[in-house]
Amino acid sequence: MINSTLCYVTRGDEVLMLHRVKKKNDVNQDKWIGIGGKFEADETPDECLLREALEETGLTLTHWKCHGVVTFLTNGPWDGEYMYLFTADAFEGELKECDEGDLRWVSRGFLDQLPKWEGDQIFLDLLWQDAPFFLLKLRYDGDALVEAVLNGEKIR
């Protein structure tokens, strides 16, 4: 299992999204996701978050919150993952081009229409409802979500 971060940076009613269209053999190919990535040696979740945000966007996050941990499991060729889920609502700097995809500010209302992982909608709904800290398990068979467990209760 790998450890990673995922962050949804907000600006008013907009969310910074990454359209993954630039990397070869990308598990997220053509999907819209938040920013983030894998931990480096000895990094904490917030250290990884800040480094990845700066590397991918050019932005220095100045206010963020961890909302939960999502466990991704798959029957496919990808490793399982523990993902620390964040939002950030304050930052400094200028947005730069990202080598992993195209960064776009998207309205939260339009976000639901973008291609993304099916389970992403579950945790996005929890984020927008400002739900208490949560644990979410998402099990995929290829691209299909086959199980979702929220705080020990099966929801799918």
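Select Leu59 first. Leaving aside neighbours within four places in sequence, Leu59 is in contact (heavy atoms within 4.5 Å) with Leu16, Ala53, Leu54, Phe91, Glu92, Gly93, Glu94 and Leu95. Leu59 lies in the loop between helix 1 and strand 4. Helices (H or I, at least four residues) and strands (E, at least two) are DSSP runs, numbered from the N terminus. At 1% relative accessibility, Leu59 counts as buried. Buried means under 20% relative accessible area, exposed over 50%, and partly exposed in between, with a 1.4 Å probe and protein chains only. Phe86 is 27 residues from Leu59 along the chain, and their C-alpha atoms are separated by 15 Å.

A note on the model before moving on. This is a predicted model: local features need pLDDT of at least 70, side-chain atom pairs count only at pLDDT 80 or more, and totals for chains, interfaces and linings use all residues. Residues are numbered from 1 along each chain as its sequence is written, and side-chain values use heavy atoms, with hydrogens and water left out.

Zoom out to the whole protein. Three helices and nine strands make up its secondary structure. From the N terminus on, the elements run β-β-β-α-β-β-β-α-α-β-β-β. The radius of gyration is 15 Å, close to the 15 Å that the globule rule gives for 156 residues, so the protein is as compact as a globular protein of that length. That radius is taken over C-alpha atoms, and the rule is 2.2 Å times the number of residues to the power 0.38. Along the principal axes, the C-alpha atoms fill a box of roughly 40 × 35 × 35 Å. Buried residues make up 44% of the 156 residues. Of the contacts with a separation of 6 or more, 64% are between residues 24 or more positions apart.

Next, select strand 7, residues 134-141.

Show the partners of strand 7. Two strands pair if DSSP finds at least two bridges between them. Strand 4 (residues 60-74) pairs with strand 7 in the parallel sense, over seven bridges. Leu73 has Arg139 of strand 7 as its bridge partner. Strand 8 runs antiparallel to strand 7, joined by six bridges. Here Arg139 is bridged to Glu147 of strand 8. Strand 7 and strand 8 form a hairpin with two residues between them. Pick Gly142 in the turn: its phi is positive, about 65°.

Go on to Asn151, in the loop between strand 8 (144-150) and strand 9 (153-154). Its phi is near 50°, a positive value in a residue other than glycine. Asn151 counts as partly exposed, at 49% relative accessibility.

Jump to Asp42, in the loop between strand 3 and helix 1 (45-57). Asp42 also has a positive phi, about 65°, although it is not a glycine. Is Asp42 buried or exposed? Asp42 is exposed, with a relative accessible area of 78%.

Finish at Lys31, in the loop between strand 2 (14-19) and strand 3 (32-33). Lys31 counts as buried, at 13% relative accessibility. Not counting residues up to four places away in sequence, Lys31 touches Leu18, His19, Arg20, Pro115, Lys116, Trp117 and Asp143.
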